[in-house]
Amino acid sequence: MSGFRKKCLRLLLVCTLALLGLHAELYAQQVTVRGRVVDAKEQPVAGAVVAVQGTSERATTDAKGEFSIAVPNATATLTVTGAGFAPGTVTLNGQSNILVHLTTTSVQLEGLVVVGYGTQKRSDVTGSVASVSSERIAEQPTANFAQAIQGAVAGVNVTTSGGGAEPTLNVMIRGRNSITANTDPLVVIDGIPYNGSISEINQNDIQSIDVLKDASAAAIYGARGSNGVLLLTTRKGTGKPRISYDGYAGAQQVAHLPGLMTGPQFAAFKCQRQMAVTAKAAVDPCGESQIATYLTPSELAVYQAGTWTDWLGEATRTGLQQQHNLSVSGSAGDTRYYLGGSLLDIQGVAQNDEFQRYSLRLNLDQKLHQWITLGTSTQLGLTNRGGIAADLENAFFQNPLTSAYNADGSLTVYPWADDPFFGNPLQGLLVPAEDDSHRVFTSNYAQLDFPFLKGLSYRVNAGLDYANRDQGRYYGRDTRSGLVANGLAITSQSNRSDWTVENIARYNRAFGKHSVDLTTLYSIQQSSLESTGLRGEGFPNDVLTYHQPNVALLLTPSSSVTQWDLLSQMARLNYGYASRYLLTLTARRDGYSGFGANHKYGVFPSMAVGWNVSREGFWPFADRFNTLKLRASYGQNGNQAVSPYRTLAALRELPYIDDALTYAGYVPATLGNPDLRWETTTQLNLGADFGFLNDRVTGSLDFYNSRTHDLLLRRAISPVHGIDNVTENMGRTKNHGMELHLSTINVERDGFGWNSDFNISANRNQIVDLYGNGQSDIVNRWFIGQPISVNYGYRFGGIFQTGDDIAHSAQPTAKPGDVKIVDVNGDGVITPDDRVILGNLEPSYTAGLNNTLRYRGLSFSFMLTTVQGLNRPNPLLDQGNVWADVRRNMPMLNWWSPSNPTNEFPANREGSNPLSVDFFQNASYVRLKDVTLSYTLPGALTGRLGVQSLRLYVNGRNLWTHSDWTGLDPELDNSHQRGVPLERVLVAGINTSF
């Protein structure tokens, strides 16, 4: 066990013992109240939770409905909740023995859900909508809200494809429908679409996250809803003024680094490989006397001095992170307010990898009159990404027999004196750099509730998302890049402006057993982006860094402008009868400026029905299976995959020279296509929401099947016009899957509680057609009848051994130690026809399990996540990375040699894997994603401290992973397997309010 893990465990143990001691001392001072909880028929309610308001004290009723609980004083207020009952509140007023009556309801289905352009009771929702509780969001000390929902929602796959202070997070809902288009879901904050980095959103400002997954739920967003929708609702003020502080600080450590060769191992490896070239055959490892012959002079000096460099060790560090949030919220009369500020500072595990975020939010709702309400939800943000991190990819490959530092302690420009091709992976530490982003995101509304017609309202939403980003960096003569260019300055500036105006009319009314909710929308949105850049080379000195472009010998400017507009109309009708039979009809029409002239508008309809079976009088299982709702939906969504100007013919620059003068010239770059349009996904969803054992077990189960047509692909054409392809709508895919979510109250007794949340989802996609001719595209590895993302190549069949009949094999020119390739078609020769599909790059299923155990103020929770069925090549096992003359490093492998006749890896010899056969590994994993130990102080102590609530906690992330993957991390995609590693994080924090 590593030292870091031991420290984590010791810290958790010390905190637990200290908190238990404090807990025992405090509770010895409590006063006891006894009582009984019954229903409307005076029958005892077992398993009801009794809590003291303003404290963490709670108790659970026994089989007779009785309970006993400690309270700070005789005027305390108790809240009582029970599965299947509406919450109850009791003020003691000196009583020490009380009777509480609860009213029957269906708790699991009564919560409100944000569904886009409004809210609905969960019992009335007919589509597939998942919610992330405000408790989970608040209790996860993460820098990005996507990390908080990872593994928590069935069908939502959140992966960290790249590590770092600002990690690269990918969110995919219900798998992949498109081959080439973006698969990110639409993010909507307080009703306004958000077009930016999700790492710039302050998680502490988020009250709830609702996920629209099926066609019916997402149809209200039309041409942008096929990848699902994330609806983020920020915090609102209510009640008395409340000052809250949430903060944490902690450390990061590299979770895993593959074992690269040390200096001595690299020297022996290089010697063996070079000897094999001379012998024209695989040889046994070199002896000490042979090594010096094959090293360059500088390599030999480092080898003999024993001063070889651990480049990954030099490029990484123990990272630090901290976050502080301070907010004031409350309400006064007809005014609700929330004002919050946040500071996030992360120093990543890569040297000089920095990320700082500052944000300020004001949410204000003012009721001017009984029928007029105004409001704003505004965030100001500043993000600094200024540090140029150490180059981890080059650090992975850098020759260890080189030097990171000069004798005076300064960084070397050329670590390998004999080979100036390689720069120093640490050169970024010497680069003056800025990267600042300023953002204003504001959502504003005015709502009129017409007094002359009950249920009729009109609301106008106006949103603005403005972002400015300034970047500048300078490579001086103390870096390889700057030395080659005699000083190199790179600056850029971008300005993005998105605005949205929505007009929403809504009629929501109940007539006896009938309920009608009609929502109509007319909206317009515009997005524009302007970017400029300047590259300068050849400066007289490095003093003014990138602030001296006027003296550069060579300047290369760049500029771009893009803009698109979206005009939309939408109507949605929700009808319910007796809260049992439900119907939702939706249609949205989108007009997008980026579509072709012949298809500017698209219409996306959907229909959904629901049946609350458990509310029927004939339902025979009400005592055990108290909640059951069946759902079905069918509809269409679009993927707005056409970028601006893509439908137009375009030219590219091609200057030409005439009589020593250069003239501007242009040649065709792309052909226009007025028929380009959105990709359309049609989906059927069948689902059920359920609760039994008095809602101690609740959950949902969904099955879905979708088909996508008009995929955007490039069709090959004759190059007679100088263009060899044109983009068209022509491909088709299908996608189906299953999602299961379960929430259980395992134990609730005598102050001890144990709750679990489990979800599992499986998804399968398949290419149905590509170019309309029934043929696969081998070049792009797209195969009809197969998943969209697959491995394709030659199948590894082992290693040729001494004594094998190689001359009569399918590889007659091979040598002992060479890779053996499976002759798939059995024709006696290895050709491209022997390539086969070698597994799927997307998981067979994903799952998450969160457990929370509570004893009075103590709470312990942990989350396990798993991804199964992944199979992909490990790029670190490719010997081709070291190059023929052995100039780069790699992991130490079990190579074949005459004295080590293994079947795992070929001989350490150039040409032993002539067709570059990939070495695949199982990238499935099980991970302990989150562990949190917290203690909430009881009201008796918080009152004496002058605070309303106080919670202390320690949290660990990515503490343990089980996987057969030997690369950097199985969660990272292959393009990041030689980049910034995933971090193991331990933080301690406090939540308090006044």
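**View 1. Leu534 stands opposite Pro557 in strand S26.** The model is predicted: local features need pLDDT of at least 70, side-chain atom pairs count only at pLDDT 80 or more, and totals for chains, interfaces and linings use all residues. Residues are numbered from 1 along each chain as its sequence is written, and side-chain values use heavy atoms, with hydrogens and water left out. Strands here are DSSP runs of E of at least two residues, and helices are runs of H or I of at least four, both numbered from the N terminus. Two strands pair if DSSP finds at least two bridges between them. Strand S25 and strand S26 (residues 554-577) run antiparallel, joined by 24 bridges.

**View 2. Strands S24 and S25 form a hairpin.** S24 covers residues 488-511 and S25 covers residues 514-537. They pair in the antiparallel sense over 24 bridges. Tyr507 stands opposite Leu518 in S25. Two residues lie between the strands, and Gly512 takes a positive phi near 65°.

**View 3. Met890 belongs to the largest nonpolar core.** A nonpolar core is a set of buried Ala, Val, Leu, Ile, Met, Phe, Trp, Tyr and Cys residues joined through side-chain atoms within 4.5 Å. Buried means under 20% relative accessible area, exposed means over 50%, and partly exposed lies in between (1.4 Å probe, protein chains only). This core has 32 residues, and Phe269, Ile291, Leu401, Met890 and Trp895 touch the most other members. Helix H5 (263-279) is one of the elements that supply at least two residues each. The largest share, six residues, comes from H5. Contact means heavy atoms within 4.5 Å. Leaving aside neighbours within four places in sequence, Met890 is in contact with residues including Leu260, Phe269, Val882 and Trp895. In soluble globular proteins, nonpolar side chains tend to be buried together.

**View 4. Arg469 forms a salt bridge with Asp435.** A salt bridge is a side-chain nitrogen of Lys or Arg within 4 Å of a carboxyl oxygen of Asp or Glu. The closest N and O atoms of this pair are 2.7 Å apart. Arg469 lies in strand S23 (residues 456-475) and Asp435 in strand S22 (residues 433-449), so the pair ties together parts that are 34 residues apart in sequence. Arg469 is partly exposed at 28% relative accessibility, whereas Asp435 is buried at 7%. A search of the whole structure finds 35 salt bridges.

**View 5. Arg927 has two partners: Glu971 and Tyr925.** Arg927 forms a salt bridge with Glu971, with the closest N and O atoms 2.5 Å apart. Arg927 lies in strand S48 (residues 925-936), and Glu971 sits in a loop 44 residues apart from it. Arg927 is buried, with a relative accessible area of 1%. Glu971 is also buried, at 7%. The charged end of Arg927 sits over the ring of Tyr925, 5.0 Å from its centre. Such a charge has NZ of Lys or CZ of Arg within 6 Å of the ring centre and within 35 degrees of the ring normal.

**View 6. Phe625 pairs with Trp619 and with Phe692.** Rings of Phe, Tyr and Trp (its six-membered ring) pair if their centres lie within 6.5 Å; planes under 30 degrees apart count as stacked, over 60 as edge-to-face and the rest as tilted. Trp619 and Phe625 are edge-to-face, 6.1 Å centre to centre with 80° between the planes. Phe625 and Phe692 are tilted, 5.5 Å centre to centre with 40° between the planes. Trp619 is buried at 16% relative accessibility. Phe625 is partly exposed at 29%.
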